[in-house]
Amino acid sequence: MEIDLPAADGLETYRLVGQPVAQGTYSPASSRLAFAAAHVVADPLGDNSPGAPAVIDWEHTLEFRRHLWSLGLSVAEAMDTAQRGMGLDWPATQELIRRSAAEAPDGRIAVGVGTDQLVIGGTHPLDAVVAAYEEQLAVAEEVGAQPIMMASRALCAAAESPDDYRKVYDRLLTQSTRPVILHWLGSMFDPALEGYWGSTSVDAAADTVVELINDNVSKVDGIKISLLDASNEVALRNRLPQGVRLYTGDDFNYPELIHGDGERHSDALLGIFAAIAPAAAAALKALDDGDLATYEKVFAPTVPLARQIFSAPTYYYKTGIAFLAWLNGFQPGFTMVGGLQTGRSLPHLADTFRLADQAGVLTNPELAVDRFRQLLRVSGIDA
């Protein structure tokens with residue numbers, strides 16, 4: 001198959017070369033825990049303009065989660081990939097958590113607990129930040145899902161020192177009835193989180209995190225770290241107490257981090273797994289089987305795609321996730337809550353298409369070609 005795609009000097013003919021990763025049903029991996037952070041599908045008839053309350057297409061949103069579960073992946077629900085703080089408001093988030101948790105297989109869902117019901121851009125006292133977290137933690141507990149204690153813009157704005165982070169997290173961890181996953185999101189994902197944990201120094205912030213975990217080890221299942229720096233992740237991983245997991249959120253270096261160094265490895269909580277779900281499932285199965293050659297062969301071509309989707313400005317990666325879901329037939333249109341489908345340019349999406357083909361994650365190439373041609377036409381290109 002061929003398609004004319006935007007290139008540096010206009011249009012160029014691209015011949016599809018990828019072999020789609022074989023589809024199938026998988027059991028959860030036995031050697032690693034693997035969460036895919038899932039996106040939400042916007043209702044195309046809803047007013048999903050910037051600043052408007054989110055209107056969700058529940059049928060396709062939940063169908064995508066069923067797809068992830070069928071591949072043996074667990075779902076990290078209502079996380080950044082679902083546009084928390086970028087179009088998904090708290091009322092819609094609550095409903096998303098409840099609907100998804102009601103369908104999740106036992107133990108295969110964790111949900112984001114944050115403070116985004118507070119007014120964005122305002123400065124709130126620490127007690128208000130704690131109360132917001134508590135409200136969301138109660139929802140996670142109500143549905144029986146594991147909490148992911150998300151990094152908070154409100155806390156970052158209010159905290160004056162690492163001690164303020166300790167005050168908030170110590171209070172919250174004592175209240176959770178089950179071990180939580182902590183969440184360290186770098187400023188490349190959200191500039192409002194610059195200096196999280198009380199320092200712009202990664203080493204100093206890591207000291208605070210390790211101290212927090214050591215003092216609350218029975219309440220912490222693990223920590224998801226998204227700094228897009230493998231060396232920082234490995235350094236933190238080596239400092240964690242026995243039994244506390246490091247969930248990689250590094251969408252640039254995940255194959256090596258999940259594989260590990262022979263002594264320690266990272267588990268996974270990744271947005272890119274939503275885009276490359278069949279490949280992720282196949283690679284994890286190979287790792288379980290001790291077939292490192294297949295593990296590397298399957299994952300290797302997905303890395304250039306991941307680096308494209310998560311390229312700067314990284315916080316628009318959600319656009320690429322939804323784009324691939326549309327190309328693969330998981331949603332009827334390329335629309336997003338908050339109008340975020342405009343977050344990437346047509347040339348950027350064309351490069352994403354090429355790399356998705358080469359990674360074997362265009363599950364239905366004929367459909368993907370037809371849909372990209374539709375996008376070209378509505379963009380004013382007759383190709």
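A residue is called buried when its relative accessible area is under 20%, exposed when over 50%, and partly exposed in between (1.4 Å probe, protein chains only). The model is predicted, so local features need pLDDT of at least 70, side-chain atom pairs count only at pLDDT 80 or more, and totals for chains, interfaces and linings use all residues. Residues are numbered from 1 along each chain as its sequence is written, and side-chain values use heavy atoms, with hydrogens and water left out.

**Exercise 1.** Determine how α10 is placed in the structure.

*Solution.* Helices (H or I, at least four residues) and strands (E, at least two) are DSSP runs, numbered from the N terminus.

1. Helix α10 spans residues 277–288.
2. Of its 12 residues, 10 are buried, so α10 is largely enclosed by the rest of the structure.
3. Among the buried residues are P278, L284 and L287.
4. Their cover, by contact (heavy atoms within 4.5 Å), includes β3 (34–37), α1 (58–70) and α12 (302–309).
5. Just after α10, G290 has a positive phi of about 75 degrees.

**Exercise 2.** Describe the barrel and the helices packed on its sheet.

*Solution.* Two strands pair if DSSP finds at least two bridges between them.

1. Eight strands form a closed barrel in the order β3-β4-β5-β6-β7-β8-β9-β10, with parallel pairing.
2. Between β4 (residues 74–77) and β5 (residues 109–113) there are three bridges; E77 has V111 of β5 as its bridge partner.
3. Helix α1 packs on the sheet and touches β3 and β4, its direction making about 140 degrees with that of β4. Such angles run from 0 to 180 degrees between N-to-C directions, with axes fitted to C-alpha atoms, for helices over the stretch in contact.
4. Helix α5 (residues 162–175) touches β6, β7 and β8, at about 155 degrees to the direction of β7.

Definitions and conventions: Expected span 1.5 Å × (residues − 1).
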